[in-house]
Amino acid sequence: MLSIKNLHASIGDKEILKGINLEVKAGEIHAIMGPNGAGKSTLASIIAGNENYEVTEGAISLDGEDLSELAPEERAHKGVFLSFQYPVEIPGVSVTNFIRTAINETRKANGQEEMHANEMLKVIREKSELLEIDRKFLSRSLNEGFSGGEKKRNEIFQMAMLEPKLAILDETDSGLDIDALRIVANGVNKLKSDKNAIVVITHYQRLLDYIVPDFVHVLLNGKIVKSGDASLALELEEKGYDWIKQEQEA
Amino acid sequence: MSKYTEDDLKIELETKEYEYGFYTELESDTFPIGLNEDIVRAISLRKEEPQWMTDWRIDAFRAWQEMIEPEWANVHYTKPDFQAISYYSAPKAVDPNKTLDDVDPELLEMYKKLGISVDEQKMMNNVAMDIVVDSVSVATTFKKTLGEKGIIFMSISEAIKEHPELVRKYLGTVVPQKDNFYAALNSAVFSDGSFCYIPKGVRCPMELSTYFRINQAGTGQFERTLLIADEGSYVSYLEGCTAPSRDENQLHAAVVELIALDNAEIKYSTVQNWYPGNKEGKGGVFNFVTKRGICEKNAKISWTQVETGSAVTWKYPSVILKGDNSVGEFYSIAVTNNFQQADTGTKMIHLGKNTKSTIISKGISAGQSQNSYRGLVRISPNADNARNFSQCDSLLMGNNCGAHTFPYIESKNPSAKIEHEATTSKIGEDQVFYCNQRGIPTEKAIALIVNGFSKDVLNKLPMEFAVEAQKLLEISLEGSVG
């Protein structure tokens, strides 16, 4: 589904990604781990189409289609979803209004009719129950005054509403207490199917106890330096990233 | 009202700069340019006014001659040459007593272009409407329905003839002839406008509405609105404005006076969309307006305005809280783009005890524009327990525009409670990217963010106006994100 080949990217003069290769198939969960500053969030932003970064080499494709010329919203319309590490606030725009706009813009781009209001309400009810979201929450301004946990839960709620093909969860576990983490992870697991794929970005093993990855990749200094199965995450938890660094240097 | 879809917006954005920039070929009766006492007399004569009205105008004119144009506002423009303007232009052959069927078909066509098909307005929105083109009021709908309740809603010219006692009693009591330069000019040469009187205890059953339009080249528009809500009555009044796109600056100097007697309530909403000038800042309307209301005991006046048009705006809808327990409110959205300049705000003058005022101002600046909020809250020595809450938020788009806030507070009573909050923010790339990532294109994202920012004020508008206002916000800011 997602295919990244020899991806190099920089911001200004600084090269951040130095040749990433990654293949994600439908039905798979991949975890990308690595220390701060390794380029994890940059990778997520670039897949989503953030124009602050310049792709200098390599290619990203989704289901065989090259994404490089597509605007962020066009990528979204094709089913790319990014759960932000730091979701932004939009004062005066309710969660409901925002998600309705997002869904209808996506449907419009895909030649579908707008979702009927009744259906919208029904889906909103289902998905908010799935994530144990209080209905009052939905009429609040998007992310304004939300706690860290509420912001992340809201991101996953939007994911549930948009039903993306490829979801990238960037540090979704940060800011979550253990109960919220369980709820969010449960939600993600329920949304999982053999038609979609999930890329989880984290630097702790903790989230992976709940969302069990099929593959774990270690991102270090702009490159994927090691890949393995779920046991790699446990090994990292035990030995720390220095172990990999040393292995690299050796 | 049919649903306005994103597709409609897209088409609008692609095709239009200023939608209302058409000019209608109407046979007009236009005075020669220039201003002197003879012109003032001629206007009065043409309108078959009584002597007291003529004298009133002459008084104003003489005062105006002694006055100088104010320069304290944070706006820069070439002052109009008041001798180069024609002070009276009327679509020919207008008989104030005729029905809509008799209205010049070209005029009706113009209403259609304005999106205000009169019939439709009548049928669907339950809005009684007075339409002022250039200087003359051409159609007042719904007069009969209102008449049954004793409500008087007509052009001010008619009112001077039919209800001289009311006009004479109240005209100039809130905005005196000599109040300021433009008010004096207006008092001398005003050619039409709307008059409204709601009798004691009557709740006006529909929104009253006036639509103003400048059509003829080289003319100024000086309309005068006088609205009196007698004791215990209620009225909601809407006002909309457009003008054709022209290279030269057109002058609009209106005066609006509101009188809310004991226990009365007036809601006054404006969507101002005068031609703002082109992208290089050429042309556009100079909008120099004096709007003021007075509240007697327990009365309430709310001003709500959405200001998206005009090259230069100078406007401070104010409330004099004379009666005890009276309430004044000011809700404003002012949008400036390209080279527009706006200096707008309000004055809340607390005279009575337990008076309360609320000011919510949302300024949105884009392009090279300058947007200023200027407000005065004055608590007089007798105004015990007066309260004011002010909130002024500015939203900036891009790096070349400016937002300014000039709040003045004068409190002469120690029991006063005055709160002022102000914020300035910028539409962030990160907000736009976030929306993009959810599938929302940039134009739509901006509209969403701006509407969210303006929500507190949009919520105060009557429903059908709110839809139009939202559309206007989106259109006014088209292409303003770089």
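**Exercise 1.** Find what share of chain A counts as buried in this predicted model.

*Solution.* Start with the rule: a residue is buried if 20 or more other C-beta atoms, placed from the backbone, lie within 10 Å of its own. Then apply the rule to the 250 residues of chain A: 43% count as buried.

A note on reading the model: residues are numbered from 1 along each chain as its sequence is written, and chains are lettered from A in the order in which they are written. Because this is a predicted model, local features need pLDDT of at least 70 and side-chain atom pairs count only at pLDDT 80 or more, while totals for chains, interfaces and linings use all residues.

**Exercise 2.** Compare the radius of gyration of chain A with that of a compact globule.

*Solution.* The radius is taken over C-alpha atoms, and the globule rule is 2.2 Å times the number of residues to the power 0.38. For 250 residues this rule gives a value near 18 Å, and chain A agrees, with 18 Å.

**Exercise 3.** Describe the contact between chains A and B.

*Solution.* Two residues are in contact if their C-beta atoms, placed from the backbone, lie within 7 Å. Chain A brings 22 residues and chain B brings 18 residues. Next, look at the elements, where helices (H or I, at least four residues) and strands (E, at least two) are DSSP runs numbered from the N terminus. On the chain A side, helix 2 (72-77), strand 7 (90-94) and helix 3 (95-109) each supply at least two residues. Helix 3 of chain A gives the most, with six residues.

Key
Buried ≥ 20, exposed ≤ 12 C-beta atoms within 10 Å, placed from the backbone.
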